[in-house]
Amino acid sequence: MYENLAIIYDNFTDDIDYEKWEKDIYDAITEYSKGNTESVADLACGTGSITCRLAKRGYKVTGIDVSEEMLIRAGENMRKSGVHFNLVKQDISKFRLHKRVDVIVCACDGINYLTVDGQFENFLCCCRENLKQDGILIFDVSSYEKLKNTLGNNSYFDIRDDACIFWQNSLEDKIVTMELTIFLKDDDGRYTRKTEVQKQRIYSQKEIKAAMTDFEILDMKSVSYDNNNSDKRLQFICRLIKEKK
């Protein structure tokens, strides 16, 4: 996953307002945390766009992602930003931290990539076991409308000076399969062709709420952070209310 797209991911997501996204997360932490927040785990951190900004706030941050290529880019962005945080390669449906943290964040499709039955419940179990008592969990999912109607059975392309992407989507039941063809411009002006397949799952509000037996949902709202207001998401802000005995 993201083996080839990681190279150009930041360039092709330059329409995303990460400043506002991180500010909304920070505001939620400030509003709902009961104590002093020191430690944050950023799950499915990707290239670290939000991770770097959280680290600049002074938090002790750990970024977790299953893609080694994305973590390499996150490390590069960390050094460019002049901050420091830990980076760990783990599956977010079975991650484990050395110490419990005050806040767990999972933004930008991380949940939607949990496509197998039971993975979301496993994710919540891991969050429960790695959060401090009364810890805050903030995550978002791409909306039903976005995955069914915007992505769905549609095709798209994006052409830049140094690369271009073509992708064909297909929707079956709850799963959107995205077949990507990526052309990367080489130093000699020729292009190298890469292919990649990604899958995302549609999660309903009912499905999410039913799984959150150990969390209190403090706020739930629709958000979008791209310039066209088309990247529609549902954001959940939750508090741990019960630890595993």
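With a relative accessibility of 70%, Lys80 counts as exposed (over 50% relative accessible area is exposed, under 20% is buried and anything in between is partly exposed, for a 1.4 Å probe and protein chains only). The structure is a predicted model, in which local features need pLDDT of at least 70 and side-chain atom pairs count only at pLDDT 80 or more, while totals for chains, interfaces and linings use all residues. Residues are numbered from 1 along each chain as its sequence is written, and side-chain values use heavy atoms, with hydrogens and water left out.

Lys80 belongs to helix α4, which spans residues 68–81 (helices are DSSP runs of H or I with at least four residues, strands are runs of E with at least two, and both are numbered from the N terminus). Between the C-alpha atoms of Lys80 and Cys52 there is a distance of 9.6 Å, although 28 residues separate the two in sequence. Cys52 itself is one of the buried residues of α3, together with Ser49, Ile50, Thr51, Leu54 and Ala55. Helix α3 is thus mostly covered, with six of its eight residues buried. The cover over these buried residues includes α1, α2, β1, β2 (60–65) and α4.

Within helix α3, Ala55 has a relative accessible area of 12% and is therefore buried. Leu180 lies 125 residues from Ala55 along the chain, and 32 Å separates their C-alpha atoms.

Gly58, which follows α3, has a positive phi near 100°. Most residues other than glycine have a negative phi. Ala44 is not a glycine, yet its phi is positive, at about 55°. This residue, Ala44, is placed in the loop between β1 (39–43) and α3 (49–56), and its relative accessibility of 21% makes it partly exposed. Cys108, also a residue other than glycine, has a positive phi near 60° and is found in the loop that runs between β4 (101–106) and α5 (119–130).

Helix α5 holds both Phe123 and Asn130. Phe123 is buried, because its relative accessibility is 0%. Residues up to four places away in sequence aside, Phe123 touches Leu43, Ile92, Ser93, Phe95, Cys106, Ile111, Leu114 and Leu137. One of these, Ile92, is 31 residues from Phe123 in sequence but 6.1 Å away in space, C-alpha to C-alpha. Asn130 is likewise buried, with a relative accessible area of 5%. The residues it touches, beyond those up to four places away in sequence, are Phe95, Arg96, Leu97, Lys99, Arg100, Val101 and Ile104.

Aromatic side chains were searched over the whole structure, giving eleven aromatic pairs (rings of Phe, Tyr and Trp, the last by its six-membered ring, pair if their centres lie within 6.5 Å; planes under 30 degrees apart are stacked, over 60 edge-to-face and the rest tilted). Phe123 returns here as part of one aromatic cluster with Phe120, Phe139, Tyr203 and Phe236. Elsewhere, Arg57 places its charged end over the ring of Tyr26, 3.8 Å from the ring centre (the criterion is NZ of Lys or CZ of Arg within 6 Å of the ring centre and within 35 degrees of the ring normal).

The largest pocket holds about 850 Å³ of space. On a 1 Å grid over the protein atoms alone, a pocket is an open set of points with protein on both sides within 12 Å along at least five of seven lines, whereas a cavity is a set where a 1.4 Å probe fits but cannot get out; lining residues have an atom within 4 Å of a point. Among the 31 lining residues, Phe12, Thr13, Lys146, Leu151 and Trp167 are the closest to the centre of this pocket. At least two lining residues come from each of α1 (9–12), α2 (18–32), α6 (144–151), β6 (155–159), β7 (163–172), β8 (175–185) and β9 (191–201). By type, the lining comprises 16 nonpolar, six polar and nine charged residues (Ala, Val, Leu, Ile, Met, Phe, Trp, Tyr, Cys and Pro are nonpolar, Asp, Glu, Lys and Arg charged, and the others, Gly among them, polar).

Lys146 is also touched by Asp231, whose other contacts, leaving out residues up to four places away in sequence, are Ile16, Val223, Ser224, Tyr225 and Asp226. Asp231 is found in the loop between β10 (215–223) and β11 (233–240) and, with a relative accessible area of 9%, is buried. Glu145 is 86 residues from Asp231 in sequence, and their C-alpha atoms are 9.8 Å apart in space.

Methods
Points joined across faces, edges and corners; volume = space filled by probe spheres on them. Contact = heavy atoms within 4.5 Å.
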